[in-house]
Amino acid sequence: MRIFLLRHGETDWNLQGRCQGVADLDLNERGRQQAWDVSACLSTERIDAIYSSDLKRALHTAEFIRRSRDLEVTVDGNFRELNHGAFEGLTFPDIRSCYPEFLKRWRSEPAELMIPGGERLVDVEERAWKGMERIVRTHSPGQTVVVVSHNFPILAVLCRITGTPLNDYRSFHIEPCGLTHIKHEGGEGWRMLQINGAGYSGLAPQKKENVL
């Protein structure tokens, strides 16, 4: 079974460098173009199922892929973004100014750290992996599935597959509409084929947007 993990397209908050967790923003114009381009990139693939987070920016990205296929998008909240709690909408300078001690700890040991009013990264890993296991149980070997999700769930899945400690999630980087290709080989487990790839133009961000 092959799975494409696709991060949603760009939003205005990505462009502005704001924390964007469960705030339900939609794609901006560039994000819609990215989603269109990646759907064209995947047009030669036989896609058997599409899953998406329940947030607008992911659902809208998934809709571009669905349009050319007779498929429904299966919504799975396990793939939604890390709840950024009190940090929603804040920029890195905002967080550095208001939460300096938290930021210091996050830089060294983020996995178990609870964001004020939000969620722990280990909780995101647990639910994202639950979503992945559901897909493996539901679909047959040889099928190809697209999962449209967000930065931290995808990073958490990559850490789990590669055996990378969750505290070291920055070993990977996923751009808006970055496409990660993995494979599940039954008893042999998971194999990484591509990380943050794209067969289309416009992937490079206009501004660095990952504030955590």
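**Briefing: a buried histidine and its surroundings**

His181 counts as buried, because its relative accessibility of 11% falls under the 20% cut-off. The structure is a predicted model. In this model, His181 is placed in strand 5, and the protein as a whole has seven helices and six strands.

**His181 and its contacts**

- The side chains of His181 and Arg2 form a polar contact at 3.3 Å.
- Beyond neighbours within four places in sequence, His181 is in contact with Arg2, Ile3 and Phe4, and also with Met192, Leu193 and Gln194.
- Arg2, the polar partner of His181, stands opposite Thr144 of strand 4.

- Six strands make up an open sheet with mixed pairing, in the order 3-2-4-1-5-6.
- Strand 3 (73-75) and strand 6 (190-197) are the edge strands, each of which pairs on one side only.
- On average, and with direction ignored, neighbouring strands of this sheet are turned by 20° against each other.
- Strand 1 and strand 4 (residues 144-149) run parallel and are joined by six bridges.

**Helix 2**

- Helix 2 has 13 residues (residues 29-41), and at 1.5 Å a residue these should span 18 Å; the end C-alpha atoms lie 19 Å apart, which agrees with that expectation.
- The residues of helix 2 that are buried are Gly31, Gln34, Ala35, Asp37, Val38 and Ser39.
- An α-helix has 3.6 residues a turn, so residues three or four places apart point the same way.
- Strand 1 (2-7), helix 3 (56-66) and strand 5 (179-184) are the elements against which the buried residues of helix 2 pack.

**Overall architecture**

- Along the sequence, the elements of the protein follow the pattern β-α-α-β-α-β-α-α-α-β-α-β-β.
- The protein is as compact as a globular protein of 212 residues, because its radius of gyration of 16 Å is close to the 17 Å given by the globule rule for that length.
- Taken along the principal axes, the box filled by the C-alpha atoms of the protein is roughly 50 × 40 × 25 Å.
- Of the 212 residues in the protein, 52% are buried.
- Of the contacts between residues at least 6 apart in sequence, 70% join residues at least 24 apart.

Key: Residues are numbered from 1 along each chain as its sequence is written. This is a predicted model: local features need pLDDT of at least 70, side-chain atom pairs count only at pLDDT 80 or more; totals for chains, interfaces and linings use all residues. Side-chain values use heavy atoms; hydrogens and water are left out. Helices (H or I, at least four residues) and strands (E, at least two) are DSSP runs, numbered from the N terminus. The expected span of a helix is 1.5 Å times one less than its number of residues. Buried means under 20% relative accessible area, exposed over 50%, partly exposed in between (1.4 Å probe, protein chains only). Contact means heavy atoms within 4.5 Å. Two strands pair if DSSP finds at least two bridges between them. Axes are lines fitted to C-alpha atoms, for helices over the stretch in contact, and angles run from 0 to 180 degrees between N-to-C directions. The radius of gyration is taken over C-alpha atoms; the globule rule is 2.2 Å times the number of residues to the power 0.38. A polar contact is a pair of N or O atoms within 3.5 Å; within protein, one must be able to donate a hydrogen and the other to accept it, and residues adjacent in sequence count only if both atoms are side-chain atoms.
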